[in-house]
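Here's a quick tour for anyone meeting this structure for the first time. Have a look at it, then read on.

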Amino acid sequence: MIKHLMDYLRLVLFVCGVLVGIQVPGFVDQYGQRLEAHQLEAKLSLAEFQHDADRFFGGDINKLIRHYRQNNDPVFSAGGESIESIYQRYVSLTDALTRFRQHSYSPYQQVILTPKKDIQAEVWQNYSHVILLKPEAIAIGMLLGLLISILCESVLSILFLGCRKVLAPR
């Protein structure tokens with residue numbers, strides 16, 4: 001009876017691991033979509049300032065920012081800080097998007113090791129569970145299912161053996 005329960009528990013753990021593992025590529029995909037959307041939004045926010053930089057400073061937005069900051073009017077000077085903030089955000093998101101698209105494994109590497117924290121949090125808050133039937137999703141799901149099953153079974157076996165030793169007649 002206990003053997004059958006352990007077999008069913010192993011199956012349940014495996015299926016749960018597969019379902020969790022299949023979510024990983026979906027999360028990474030949604031992270032990439034949001035990263036791209038934020039980068040596009042930053043680009044659109046910067047567009048008019050870039051147009052001014054093209055007209056007056058040979059396309060160098062840093063010269064435009066310096067021009068704003070060097071102005072004696074505090075409102076105008078603060079505008080330079082705002083433009084620089086938008087520009088830095090755009091550069092940062094463009095760099096992250098470039099690294100995200102570098103290799104087939106780089107999206108996973110970025111999401112795990114160097115995510116944009118605000119975008120990662122946004123994806124977590126608005127994540128919609130999906131089941132992607134892409135080879136990588138199936139592979140990650142199977143691997144995670146196997147690892148969770150092995151880990152949980154090992155822990156339960158150790159606990160079971162510990163309980164047997166403690167409860168065994170001496």
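What share of the 170 residues in the protein chain is buried? Buried residues make up 28%, where buried means under 20% relative accessible area, exposed means over 50%, and partly exposed lies in between (1.4 Å probe, protein chains only).

A quick word on the source: this is a predicted model, where local features need pLDDT of at least 70, side-chain atom pairs count only at pLDDT 80 or more, and totals for chains, interfaces and linings use all residues. Residues are numbered from 1 along each chain as its sequence is written, and side-chain values use heavy atoms, leaving out hydrogens and water.

## Overall build

The protein chain has 6 helices and 0 strands, counted as DSSP runs (H or I, at least four residues, for helices; E, at least two, for strands) numbered from the N terminus. Along the sequence that reads α-α-α-α-α-α.

Its C-alpha atoms fill a box of roughly 90 × 40 × 25 Å along the principal axes. The radius of gyration is 26 Å, while a compact globule of 170 residues would have one near 15 Å; the value is taken over C-alpha atoms, and the globule rule is 2.2 Å times the number of residues to the power 0.38.

## The cysteines

You'll find 0 disulfides here, a disulfide being a pair of cysteine sulfur atoms within 2.5 Å. C16 is in none, with the nearest cysteine sulfur, that of C152, 9.3 Å away. That 9.3 Å between the sulfurs of C152 and C16 is too far for a bond.

C16 counts as partly exposed because its relative accessibility is 42%. C152 is partly exposed too, at 28%.
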